[in-house]
Amino acid sequence: MGSNGNAVYLRGITKTYVSGLSRVFALRGVDLDVHMGELLMLVGPSGCGKTTLISVVAGILDHDEGENLVFGNDLRTMSQSKKTAFRGTNLGFVFQTYNLIPSLTTIENVSIPLLILGQQRKSALSRSREMLEAVGLGDKLNALPAALSGGQQQRVAIARALVHNPRLIVCDEPTSALDADTGRIVMEVLRHTALAENRALIIVTHDNRIFHFADRIARMDDGRIVLVEPQVATS
Amino acid sequence: MYRIALKMLMGDRGKYVGLIMGLTFAALLITQQSAIFTGLMTRTYSFINDLSQPDIWVMDPKVQFIDDIKPLQDTELFRVRGVTGVEWAVPLYKGLLKARLEDGNFQIVNVLGLDDATLIGGPPQMIQGHLSDLRRQDAVIVNDVGAATRLARRPKGEGGKPIPLQVGDVLEINDRRAVVVGISKVSRTFQSQPVIYTTYTRATNFAPRERKLLSFVLVKAADGVNPTELVQRIKQSTGLAAYTAQEFKDLSYNFYMKSTGIPINFGIAVMLGFLIGTAIAGQTFYNFTLENLRYFGTLKAMGTTNGVLLRMILLQALVVGVLGFGLGVGSASLFGYLMKETELAFRLVAEILFFAGGAIFLIVILSALISIRKVMKLEPAIVFKT
């Protein structure tokens, strides 16, 4: 088995949560490919296993069975420290609640992935400034997250996810806390700034207002991918 | 990343101030109580410090500390003088006697009778008059604190200030006239009574009739004679107890350490400061970590190693520890400065700073460990939970 050049190659992924005597099957043998240069949306009802699946893909949760290759690297066989280093270099995260550190300015928040990789503060801030300008927040460099609107905070989070030029961006409900217009702006930023030939995006969402931004949509139910359908991007 | 750790810490003003206050309180309590304890224990031998001239103190073998007077016969003085290697040996009377003040009130005073000829053992500093004035009739020298407080004349009207005892004033000690000829400054001792210096003969006249009145024999070793060897010779020749000044200080200090409740009382206060500090700092720091768990999880998901997170938390703990320690010790020093003219025993020495620093370091490390454990065990997948 191999990844065949895919960004993500999943075969037979299972994950079970044990709580006391009961076992909950979160993933029941998921097969999925995510291609380079593709924006894939993972949709489905609450509790169907979407978040568990992106946690496994992102290497922040260990799965039980199956093959999980991200850029050809088998995450299951990696040590925790290698997995941590792999995430730092190759992954960017966008969260539903932004997860910006409240006491840091926007530029400092954006610079974190570069600092984790050991870059000097000065050059990290310089690169972060460029990134914030790219998402339209060049005038908010020194604002604290609390002074920004929800849409602006999510754009800061996108800048943070992209600043170190990762090859895979994982987004968890990036628009669910935003109104329709703001959600559309955020998706446009994601689509235009984040998507590139050498990068893939996986977006977990409930928000059917943004489905048209996807290249493909994978529908999940009860821990399985039940349908993968192409979607024509309209913007 | 360490700058980020500090900004995370200082960004939450409430918790940041709470943490520092908790540690400040702990450092204050530990330093202040330790300094008072040290001050008190120093007073157990400050009288010996004030008498710098003798190398050796000779006394009854049953004496346990400086204020434990078990008098000797006057003839013992001559036996000590006869020991080879003694340059000089002089008598010292020390006893608590009753003084009658001008207004008829009585006050217990600590009377010291110095060798009539040499006046060895006099106060370390004279404020008014001269030590040699003790040779005048009925002369006594009073310490300044005693003169200004317990021996002071009571004000006539309500709210008036006491009038300190002055040179020329007269009081009665055991119905015998005593004229103040000088005011001295002496170190505060464990006993808080006024200190009155006079000659040995006059002191024994003040004292109630007893067969034995000699409290101590003060000895100077001849040039080239080792005081420790002389101590042994005096013991062997006289059968009395003899100590170098340092040994006698240690004897007095150890008596108070072993036979009084002082160490345990202060120990409890210091322990309480430590426990309260640990509880406040530990809980606040843990709450701070819990509230920032999402961000630690985010950092972990983005590739921060456990080692870096551990160092970030330790840095946060050390910063609040250093600030709390500085403020606590500063407050304790200010307290000591403000109290320096009072009866309070307060002695802040370098050892206390090291001790308090060690205790605060232990508190912050214990507090940090609880938080570190939580962060180390944190699953980065927490970041996807809302």
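Strands S7(A) and S8(A) run parallel and are joined by five bridges; strands here are DSSP E runs of at least two residues and helices are H or I runs of at least four, numbered from the N terminus. Across this pairing, Val170(A) stands opposite Ile202(A) of S8(A). The model is a predicted one, in which local features need pLDDT of at least 70 and side-chain atom pairs count only at pLDDT 80 or more, whereas totals for chains, interfaces and linings use all residues. Residues are numbered from 1 along each chain as its sequence is written, and chains are lettered from A and ligands numbered from 1 in the order in which they are written.

S8(A) (residues 200–205) also runs parallel to S3(A), to which five bridges join it. Here Met41(A) has Ile203(A) as its bridge partner. All six of the six residues of S8(A) are buried, a residue being buried if 20 or more other C-beta atoms lie within 10 Å of its own, exposed if 12 or fewer, and partly exposed in between, with C-beta atoms placed from the backbone. Cover is found on both faces of S8(A): Ala200(A), Ile202(A) and Val204(A) lie on one side, and Leu201(A), Ile203(A) and Thr205(A) on the other.

## The sheet as a whole

These strands belong to an open sheet of six, in the order S6-S7-S8-S3-S9-S10 (chain A), with mixed pairing; two strands pair if DSSP finds at least two bridges between them. At the edges are strand S6 (91–94) and strand S10 (224–230) of chain A, each pairing on one side only. From one strand to the next, the twist averages 20°, where axes are lines fitted to C-alpha atoms (for helices, over the stretch in contact) and angles run from 0 to 180 degrees between N-to-C directions.

On the other pairing of S3(A) (residues 39–43), four bridges join S3(A) to S9(A) (residues 216–221), and the two run parallel. Leu40(A) stands opposite Arg216(A) in S9(A).

## Overall form of chain A

Chain A has six helices and ten strands. Its radius of gyration is 17 Å, close to the 18 Å given by the globule rule for 235 residues, so chain A is as compact as a globular protein of that length. The radius is taken over C-alpha atoms, and the rule is 2.2 Å times the number of residues to the power 0.38. The C-alpha trace spans about 50 × 40 × 40 Å along its principal axes.

Of the 235 residues, 50% count as buried. Among contacts between residues at least 6 apart in sequence, 69% join residues at least 24 apart; a contact requires C-beta atoms, placed from the backbone, to lie within 7 Å.

## Positive phi angles

Phe71(A), although not a glycine, has a positive phi of about 50°. Phe71(A) is located in the loop between strand S4 (65–70) and strand S5 (73–74) of chain A, and is partly exposed, with 16 other C-beta atoms within 10 Å.

Glu173(A), also other than glycine, has a positive phi near 45°. Glu173(A) occupies the loop between strand S7 (168–172) and helix H6 (180–194) of chain A, where it is buried, with 20 other C-beta atoms within 10 Å.

In H3(A), eleven of eleven residues are buried, including Val110(A), Ile112(A) and Leu115(A). Their cover includes H2, helix H4 (121–134) and helix H5 (150–162) of chain A, together with helix H1 (2–11) of chain B. Just after H3(A), Gly118(A) takes a positive phi of about 95°.

Between the chains, 23 residues of chain A are in contact with 20 residues of chain B. Helix H1 (50–57), helix H2 (80–90) and helix H3 (106–116) of chain A each supply at least two residues to that side of chain A, and H2(A) gives the most, with five. By class, this side has twelve nonpolar, nine polar and two charged residues; Ala, Val, Leu, Ile, Met, Phe, Trp, Tyr, Cys and Pro count as nonpolar, Asp, Glu, Lys and Arg as charged, and the others, Gly among them, as polar.

## Helices of chain B

Helix H12(B) (residues 350–376) has 27 residues, which at 1.5 Å a residue should span 39 Å; its end C-alpha atoms are 37 Å apart, which agrees. The expected span is 1.5 Å times one less than the number of residues. Buried residues of H12(B) include Ile360(B), Ile363(B) and Val364(B), and what covers the buried residues includes helix H2 (13–43) and helix H9 (262–291) of chain B.

Leu40(B) lies in helix H2 of chain B and is buried, with 20 other C-beta atoms within 10 Å. Leu40(B) touches Ile262(B) and Ala345(B), not counting residues up to four places away in sequence. Leu40(B) and Thr189(B), 149 residues apart in sequence, are 8.4 Å apart in space, C-alpha to C-alpha.

Definitions and conventions
Contact = placed C-beta atoms within 7 Å.
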